[in-house]
Structures are given as C-alpha cells and as structure tokens.
Amino acid sequence: LCLQVPELEKATVRIRQPERVRGIIRSLREQGVAKLQVISDFDMTLSRFGCNGRRCPTSHNILDTSRVISEDGKKKLKDLLHYYYPIEIDPNRSLEEKCPLMVEWWTKAHELLVQQKIHKGDIAQIVRESEAMLRYRLGDFFDQLHKNKVPLFIFSAGVGDILEEILRQANVFYSNVNVVSNYMGFSDDGVLTHFKGPLIHTYNKNNTVLQGTGYFQQLSTRTSIILLGDSMGDLTMADGVPSVENILKIGFLNDKVEERRRKYLDSYDIVLESDETLDVVNGILRHILPQ
C-alpha cells in the first residue's frame with residue numbers, strides 16, 4: 001500500500017487493519033472518479049488543531065473571541081466551553097448522555113451571540129483578524145477535488161457564515177463545495193437575530209438534520225466515499241447517503257492521543273495522530289484520481 005500511497009509511511013499514521021484499508025483504497029480507485037464523493041467535518045479536520053503549542057480557533061472560537069463580542073460575553077462563552085468541552089470528549093460518557101448536553105451548550109452559546117448584535121458586514125473582517133489556520137496543503141486537496149468535479153460535502157457543527165468566509169478568503173470555495181452548518185439569521189438591517197435551524201452539534205451529524213436537503217439523493221450514483229473527521233460524532237456523517245459501496249474513514253486524532261487512540265483505531269480505518277497536514281488524504285486522492 002505504501003508503494004502506491006507513500007504518505008501512509010508517515011510516523012503520524014496508524015492503521016489497525018492494513019489489509020482491509022488496502023482493499024477499500026483499491027475499490028475506490030477501480031470504481032473511479034465518477035462514483036466518488038468526499039464528506040468532511042470542518043473544525044479541527046480541515047482547519048488546524050494547533051500551532052507552536054497553541055490551540056487554533058474553531059469557527060465558533062473565531063466569533064467568540066472577536067472584537068464584536070463584549071468582555072462579559074467573552075467570559076460567559078469561555079465558561080460554557082470549560083464546562084461542556086470536557087463532556088464532549090469524555091470517552092466514558094454515552095451518546096445518550098452527551099446529546100442533550102450538547103444541545104444545551106450550543107443553544108446557550110447561540111443565545112449569547114444573538115445578544116451581541118453582530119453585524120453581517122463585520123464577518124469578513126472578523127475572519128481576516130482571526131488566527132484561523134487551515135491544514136497544510138489544504139489548497140491541493142480542494143484543487144484536486146474541484147479539477148476532477150468530485151463533490152465535497154462539509155458537515156459542520158460550527159458557524160456556517162464564518163466557515164464559508166474562511167474558505168472564501170483562502171480562495172477555495174469552489175462550485176463543488178456544499179456546506180451544511182449552523183447559519184446565522186439577520187434582520188433587514190443586517191443584525192444577527194437568531195440562528196437558523198436545525199441545530200447541528202457534534203453528535204447529530206447524520207440523517208436527522210439532513211432531512212429535506214435532498215443533497216445526497218442528488219448524488220445517489222456517488223457510492224464511493226472518503227470521510228474525514230476528528231470526533232466520534234463525525235462517523236455518522238455519511239448516514240444520509242442512499243447506497244454506500246465503499247467508504248474510507250480517516251480520523252484526525254488531535255487531542256488526548258494516548259487515552260483516545262484505541263477508540264479511534266476501532267472506529268476509523270486510518271488514524272492520523274497530531275498531524276496538521278492533509279498529506280495522507282492528498283496522497284490517497286492522487287492514487288485514486290486520474291492525474
């Protein structure tokens with residue numbers, strides 16, 4: 001496999017069942033570009049987790065820490081993060097237990113943001129002034145997919161308006177990219193008044209919030225999938241696809257690597273530990289797509 005995709009030799013790569021992965025990659029290649037689609041999370045998957053020992057911001061963080069949020073608002077949002085984030089990544093809590101708490105967190109955070117009277121016209125500047133960082137060689141990833149007309153579906157529990165602006169400023173928001181996320185609702189004079197439903201959090205990225213979008217129905221012939229995520233919740237992102245023939249699940253294990261490794265290796269086909277690049281994904285695409 002490493003002969004075909006040399007990037008898999010990187011020290012950050014872990015694969016529990018190499019034979020199985022070899023088989024999936026072979027099938028993806030044989031099925032060809034016309035059957036392929038990519039489904040990806042955004043925060044900490046396409047964007048970076050850390051840089052020089054510091055955490056990079058998620059699309060929510062970018063907004064939460066921007067100049068348009070009052071000091072009091074920032075403190076309250078930070079308090080929510082410190083309370084709920086450990087719950088979100090706790091390997092010992094069940095999904096049933098986590099889900100209502102995630103809804104609670106997102107709802108409170110969105111309510112706080114609405115109180116800030118954020119202007120639509122400020123979003124581009126907020127992103128420009130932020131420390132948003134995309135993974136190394138993300139441009140190659142977007143370019144390869146665009147050139148080969150492979151649909152890229154980004155399924156994010158973040159803030160859609162911020163996420164789209166990040167892609168725009170990186171010049172990769174191509175026509176083959178489709179985003180489902182939490183979008184802001186603005187008044188006629190461009191002030192944030194609400195977040196549009198349905199609410200998407202870490203653990204409901206599946207069919208339930210896609211109903212009515214019909215996105216995967218239009219792509220019913222795209223039965224080969226590469227799925228990219230960084231949490232257990234991302235594993236269900238392809239649940240809306242009508243008939244999956246081949247799926248390769250690639251997981252970015254960014255945080256608490258030792259204690260979460262086993263769970264990731266049980267759930268994802270390829271696990272990338274503390275890897276801030278898209279090298280492995282790009283290598284697999286190069287092998288699958290006509291160059």
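Visitor: Start with Ser 274. Is it buried, partly exposed or exposed?
Guide: Ser 274 counts as partly exposed, because its relative accessibility is 47%. One caution before we go on: this is a predicted model.

Visitor: Where does Ser 274 sit?
Guide: Ser 274 is in the loop between strand S11 (270-273) and helix H11 (279-288). Its backbone deserves a look too. Phi of Ser 274 is near 45°, a positive value in a residue other than glycine.

Visitor: What about Lys 149, then? What is its phi?
Guide: Lys 149 has a positive phi of about 55°, and it is not a glycine. Lys 149 belongs to the loop between H6 and S5.

Visitor: Is Lys 149 buried or exposed?
Guide: Exposed. The relative accessibility of Lys 149 is 63%, so it counts as exposed.

Visitor: Which peptide bond is cis?
Guide: Look at the bond joining Gly 197 and Pro 198, which is cis with omega at about -10°. Pro 198 is in the loop between strand S8 (192-195) and helix H8 (207-210). For context, most peptide bonds are trans.

Visitor: How do the lining residues of the largest pocket divide by type?
Guide: There are 16 nonpolar, 11 polar and 17 charged. Domain 1 and domain 2 each supply at least three residues of that lining.

Visitor: And the second largest pocket, what is its volume?
Guide: About 300 Å³. Its lining has 17 residues, with Leu 95, Lys 98, Tyr 203, Met 232 and Gly 233 nearest the centre. By type, the lining is seven nonpolar, four polar and six charged.

Visitor: Why does the second largest pocket lie between the domains?
Guide: Because domain 1 and domain 2 both give residues to its lining. At the level of elements, H3, H4 and H10 each supply at least two.

Visitor: Switch to H7. How many of its residues are buried?
Guide: Eight of the 10 residues in H7 are buried, so this helix is mostly covered. Among the buried ones are Gly 160, Asp 161, Glu 164 and Leu 167.

Visitor: What covers the buried residues of H7?
Guide: The cover includes H2, H5, helix H6 (138-147), S5, strand S6 (177-182) and strand S7 (184-186). Just after H7, Asn 171 takes a positive phi of about 60°.

Visitor: Back to Glu 164. Why does it count as buried?
Guide: Its relative accessibility is 17%, so Glu 164 counts as buried; the cut-off is under 20%.

Visitor: What polar contact does the side chain of Glu 164 make?
Guide: It pairs with the side chain of Tyr 183, at 2.5 Å. Beyond its neighbours within four places in sequence, Glu 164 is in contact with Phe 173, Val 179 and Tyr 183.

Visitor: Last one, His 60. Is it buried or exposed?
Guide: Buried: His 60 has a relative accessible area of 12%. His 60 lies in helix H2.

Visitor: What is His 60 in contact with, leaving aside neighbours within four places in sequence?
Guide: Trp 106, His 110, Leu 113, Ala 157, Gly 158 and Val 159. As for distances, the C-alpha atoms of His 60 and Asp 122 are 15 Å apart, and the two are 62 residues apart in sequence.

Conventions: Residues are numbered from 1 along each chain as its sequence is written. This is a predicted model: local features need pLDDT of at least 70, side-chain atom pairs count only at pLDDT 80 or more; totals for chains, interfaces and linings use all residues. Side-chain values use heavy atoms; hydrogens and water are left out. Buried means under 20% relative accessible area, exposed over 50%, partly exposed in between (1.4 Å probe, protein chains only). A polar contact is a pair of N or O atoms within 3.5 Å; within protein, one must be able to donate a hydrogen and the other to accept it, and residues adjacent in sequence count only if both atoms are side-chain atoms. Contact means heavy atoms within 4.5 Å. Ala, Val, Leu, Ile, Met, Phe, Trp, Tyr, Cys and Pro count as nonpolar, Asp, Glu, Lys and Arg as charged, and the others, Gly among them, as polar. Domain bounds come from an automatic or database domain assignment. On a 1 Å grid over the protein atoms alone, a cavity is a set of points where a 1.4 Å probe fits but cannot get out, and a pocket is an open set with protein on both sides within 12 Å along at least five of seven lines; lining residues have an atom within 4 Å of a point. Grid points are joined across faces, edges and corners, and a volume is the space filled by probe spheres set on the points. Helices (H or I, at least four residues) and strands (E, at least two) are DSSP runs, numbered from the N terminus.
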